[in-house]
Each structure stands twice: as C-alpha cells, then as structure tokens.
Amino acid sequence: GDDVVLVPTLADDLPRVVVDTGHLQHALINLAVNARDAMPNGGTLTIETANARLDEGYAAEHAEVAPGQYVMIAVTDTGTGMSKDIASRVFEPFFTTKEVGRGTGLGLSQVYGFTKQSGGHVKLYSEEGRGTTFKIYLPRLF
C-alpha cells in the first residue's frame with residue numbers, strides 16, 4: 001500500500017545458492033504480506049541481502065545449523081512486533097493471529113519448510129511495538 005515504504009538493501013557480490021526459485025519467491029511474498037499486515041498504519045519494509053558466516057558458537061546454540069558461509073535474506077518491518085509466546089509458535093502449521101478469513105496459518109510454516117529443504121536456517125527477531133525481522137540463511141555455492 002501507499003503507506004508502506006519499501007527499502008531494498010541488496011548486496012552486489014552474492015554467490016549463488018541452490019534453491020527452487022518459485023519457493024523462494026513464495027517465501028518472500030509471505031514474509032512481505034505478513035510485514036504489511038503488521039503495519040496497519042504504515043511503516044517501512046526493508047528487504048536486505050548479504051553474505052553471512054554462521055560460526056561454531058552460533059551453530060552450537062542452534063543444533064540444526066551447520067557452521068559455514070551463507071547468503072542471508074532479511075525481511076524487516078517496523079510494525080507491531082510479536083510477544084515471545086507468539087514468536088515461539090509462528091512456524092507451526094495452521095497457527096495464525098489473523099482473524100478468520102484473513103489467513104490460513106500456513107505461510108510461515110512454508111517459509112520454514114522451504115528454508116530447511118534448501119539446507120538453510122531461518123531466524124526470527126521480534127520486539128513488541130518495534131517490529132520484526134526474519135532472516136533466511138541459504139548455503140552458498142563455492
């Protein structure tokens with residue numbers, strides 16, 4: 001909508017990743033739609049790409065992550081943010097905070113599934129009243 005400012009922050013030097021491009025597009029659309037819905041009075045939606053390294057310390061805290069080089073895609077909004085309780089459930093199939101008829105509760109579980117099938121990792125950062133960031137890490141090709 002007119003009340004949402006889109007800010008792309010895209011790296012020039014990204015290596016290739018192996019993903020299903022249709023699933024990647026679908027994941028980004030899901031994240032952008034959720035971000036828009038979290039900003040009912042407008043705000044800023046930032047989409048960022050960057051090279052990232054997840055180190056051994058990070059991998060030790062997240063058992064499903066292998067340390068290494070990744071391409072990171074972040075979707076950040078300046079919306080309402082989420083409580084810790086809601087944030088802990090967002091990747092569950094059919095979990096939604098939207099009213100009946102406005103969501104299926106499948107979007108974020110599909111983002112999670114796509115990321116895992118691609119050998120990657122997804123991380124959520126959210127603070128009530130300040131906004132939310134989803135970071136998708138996809139293993140890079142060397």
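Predicted model: local features only at pLDDT ≥ 70, side-chain atom pairs only at ≥ 80, totals over all residues.
Residues are numbered from 1 along each chain as its sequence is written, and side-chain values use heavy atoms, without hydrogens and water.

Let's start with the sheet. Its 5 strands form an open sheet with mixed pairing, in the order β1-β2-β3-β5-β4. Strands here are DSSP runs of E of at least two residues, and helices are runs of H or I of at least four, numbered from the N terminus; two strands pair if DSSP finds at least two bridges between them. At the edges you will find β1 (4–9) and β4 (121–127), each pairing on one side only. Inside the order, β3 and β5 (residues 131–139) run antiparallel, joined by 8 bridges.

α4 lies across β4 and β5, at about 25° to β5 (axes are lines fitted to C-alpha atoms, for helices over the stretch in contact, with angles from 0 to 180 degrees between N-to-C directions; contact means heavy atoms within 4.5 Å).

Finally, look at the charges. The structure holds 5 salt bridges, each a side-chain nitrogen of Lys or Arg within 4 Å of a carboxyl oxygen of Asp or Glu. In one of them, Glu64 pairs with Lys116, with the closest N and O atoms 3.9 Å apart. Glu64 sits in the loop between α2 (56–61) and β3 (68–77) and Lys116 in helix α4 (residues 107–117), so the pair ties together parts 52 residues apart in sequence.
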